[in-house]
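Student: Can we go through this one together? I'd like to start with the strands and then move to the helices.
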Amino acid sequence: MLAPKKVKWRKMMKGRVRGAENRGLWLAFGDYGLKSLETCRIDTRALEAARIALTRHIKRGGRVWIRVFPDKPFTKKPAETRMGKGKGSPEGWVACVRPGRILFEMEGVDYATAKEAMRLAAHKLPIKTMMISREEGGGLGA
């Protein structure tokens, strides 16, 4: 699963994921993309499940890019622990996603295959998404 090789700090504050995205809005690599419509923290497991669903459906016919990276750690305290005694230990990694961000891109397959693959991948993600394509104006020229 995706995780940074090295980080400066083990634990990070949660913060808030607010506003709309201003980077990663257009297709940069492929012909089809999966765009987020909501704000969310996406776990590495969800990203990996969506990637596997994409690649299984296209059966090595195309190429897939993941446009988000989980670089924010989240912590968790053990079950049945009393309040206090500090912050919990790092549990995993999340990617903070805002509306408008391209999550996945794909090329080398036809429209029907890409649409079904993106639908399968969207079911694995905890947010509402939409498929965009270069023909519909999702590329850089839009």
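**Sheet and helices**

Tutor: This is a predicted model. Strand E1 (residues 32–36) and E7 pair in the antiparallel sense, over 5 bridges.

Student: Which residue of E7 is the bridge partner of Tyr32?

Tutor: Tyr32 is bridged to Ser133 in E7.

Student: And what order do the strands of the open sheet come in?

Tutor: The order is E3-E6-E1-E7, 4 strands with antiparallel pairing. E3 and strand E7 (129–133) are the edge strands, each pairing on one side only. On average, neighbouring strands of this sheet are turned by 20° against each other, direction ignored.

Student: Helices now. Where does H1 lie?

Tutor: H1 lies across E3 and E6, and runs at about 15° to E6. H2 also packs on the sheet, where it touches E1, E6 and E7. The direction of H2 makes about 30° with that of E1.

Student: Back to H1. What span should its 15 residues have, and how far apart are the end C-alpha atoms?

Tutor: Helix H1 covers residues 44–58, so at 1.5 Å a residue it should span 21 Å. Its end C-alpha atoms are 21 Å apart, which agrees.

Student: Which residues in H1 are buried?

Tutor: Thr44, Ala46, Leu47, Ala50, Ala53, Leu54 and Ile58 are buried.

Student: What covers them?

Tutor: The cover over the buried residues of H1 includes strands E2 (40–43), E3 (63–66), E5 (89–97) and E6 (102–107), along with helix H2 (111–123).

Student: What follows H1?

Tutor: Lys59 follows H1, and its phi is positive, near 50°.

Note on methods
Residues are numbered from 1 along each chain as its sequence is written. This is a predicted model: local features need pLDDT of at least 70, side-chain atom pairs count only at pLDDT 80 or more; totals for chains, interfaces and linings use all residues. Side-chain values use heavy atoms; hydrogens and water are left out. Helices (H or I, at least four residues) and strands (E, at least two) are DSSP runs, numbered from the N terminus. The expected span of a helix is 1.5 Å times one less than its number of residues. Buried means under 20% relative accessible area, exposed over 50%, partly exposed in between (1.4 Å probe, protein chains only). Contact means heavy atoms within 4.5 Å. Two strands pair if DSSP finds at least two bridges between them. Axes are lines fitted to C-alpha atoms, for helices over the stretch in contact, and angles run from 0 to 180 degrees between N-to-C directions.
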